[in-house]
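Please keep the sequence and the model open while reading.

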Amino acid sequence: MSTSFDPNDVLARLSEATDFVRGRSSLAPRLAVVAGSGLGALGDLVEDSVRIPYAEIPHMPAPKVEGHSGELVLGYLEGLPIAVLSGRVHAYEGHPLQDVVFGVRLAARLGAKRFLLTNAAGGIHRWLEPGSLCRIVDHINLTGVNALVGPNIDALGPRFPDMTFGYGAELGELVQSAAAEAGVSMFCGVYAGVSGPSYETPAEIRMLRMLGAAVVGMSTVHECIALNHMGCQVAGVSVVTNFAAGVLSEPLDHAHVKQVAAKAGPNLLAVVRGLAGKLAAGDGAAAGAKG
Ligand code: HPA
């Protein structure tokens, strides 16, 4: 892990990217959504959209995994100004953590204070069947690294950010009620963040189950930490794409993971639409503050 970076460089890169995006759209998002593996259709929901390929945004790292189109979509959903980061970069691709969190920091710099982080994940319990949605109530960062290691970027946040409300109840409850109103069942549980790219072993999954995790995946934890550092409110939803290793005695297959993510997409889209509607209506007026 490279932890040698100059905070002024990170801030300069963020400012350049922010200015570039501002040149294309003056929209100040009230919600930003990170669309994970196979969930890129989230960007297609956005109305009056300005779509900016990541490759055009200065310093924005481009995803290398298939199933991520890699574009920032700015526009409106249910009347709410929204940003969708369609595609993310992962540490397992070899990206430095400063790059892994660049997109969410950029969205925060554009004005978003509330984030919905979505991902594809393995279900650790038998009842978390492929296609289920699971709201993330907390995470266990087992990646062994943290995007805030290195000099603190004081302009972004404090040295020791609190993570007690890492996934704040207020925004989380809005997500949960949006799901209920859309008739979409949604479990909730703890997300175990691992480095990948190999899937876990059955013994590792047994350990994660004992630790209290419900779902496991290779993203999200670094974004959540970087956003809490910046004082943003975070909610998370995993699309369970497979039983985690050893839950069944079958091997895991990435192609299948992507197919299931795409199939569960409409349910997730309904939840995001409902959440946007609630925020637009002011249901979450108090949810701008952390907690
Ligand atoms: N493990 C880790 N990451 C994942 C999985 C899994 O089983 N499924 C989708 N992403």
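Pockets and cavities are found here on a 1 Å grid over the protein atoms alone: a cavity is a set of points where a 1.4 Å probe fits but cannot get out, a pocket is an open set with protein on both sides within 12 Å along at least five of seven lines, and lining residues have an atom within 4 Å of a point. Grid points are joined across faces, edges and corners, and a volume is the space filled by probe spheres set on the points. The model is a predicted one, in which local features need pLDDT of at least 70 and side-chain atom pairs count only at pLDDT 80 or more, while totals for chains, interfaces and linings use all residues. Residues are numbered from 1 along each chain as its sequence is written, and side-chain values use heavy atoms, with hydrogens and water left out.

The largest pocket has a volume of about 340 Å³. It is lined by 22 residues, of which Tyr92, Ala120, Tyr199, Met218 and His254 are the closest to its centre. Helices (H or I, at least four residues) and strands (E, at least two) are DSSP runs numbered from the N terminus, and in these terms S5, S8, S9 and helix H7 (254-280) each give two or more residues to this lining. The most comes from S5, with 4 residues. If Ala, Val, Leu, Ile, Met, Phe, Trp, Tyr, Cys and Pro count as nonpolar, Asp, Glu, Lys and Arg as charged, and the others, Gly among them, as polar, then the lining of the largest pocket divides into 11 nonpolar, 9 polar and 2 charged residues.

A polar side-chain atom of Glu200 lies 2.8 Å from a nitrogen atom of the ligand. On the backbone side, an N or O atom of Gly122 is 3.3 Å from a ligand nitrogen atom, and a polar backbone atom of Ala120 is 3.4 Å from a nitrogen atom of the ligand. Taken alone, the ligand exposes 260 Å², and the protein buries 95% of that, with accessible areas taken from the Shrake-Rupley method with a 1.4 Å probe and, for residues, only the protein chains shown counting as cover.

The second largest pocket holds about 160 Å³ of space. Its lining includes Pro130, Asn242, Phe243, Leu252, His256 and Val257, and S9 and H7 each supply at least two residues of it. The classes represented there are 6 nonpolar, 2 polar and 2 charged residues.

The largest cavity has a volume of about 100 Å³, and of the 13 residues that line it, Gly87, Arg88, Val89, Val100 and Gly103 are the closest to its centre. Helix H2 (97-100) and helix H3 (102-109) are the elements that give two or more residues to this lining. The second largest cavity contains about 40 Å³ of space and is lined by residues including Phe5, Gln98, Arg105, Pro151 and His229.

Two backbone details remain. A cis peptide bond, with omega about 0 degrees, joins Gly196 and Pro197, and Pro197 lies in the loop between strand S7 (186-193) and helix H5 (202-211). Asp48, found in strand S2 (residues 47-53), has a positive phi of about 50 degrees although it is not a glycine.

Key:
A polar contact is a pair of N or O atoms within 3.5 Å; within protein, one must be able to donate a hydrogen and the other to accept it, and residues adjacent in sequence count only if both atoms are side-chain atoms.
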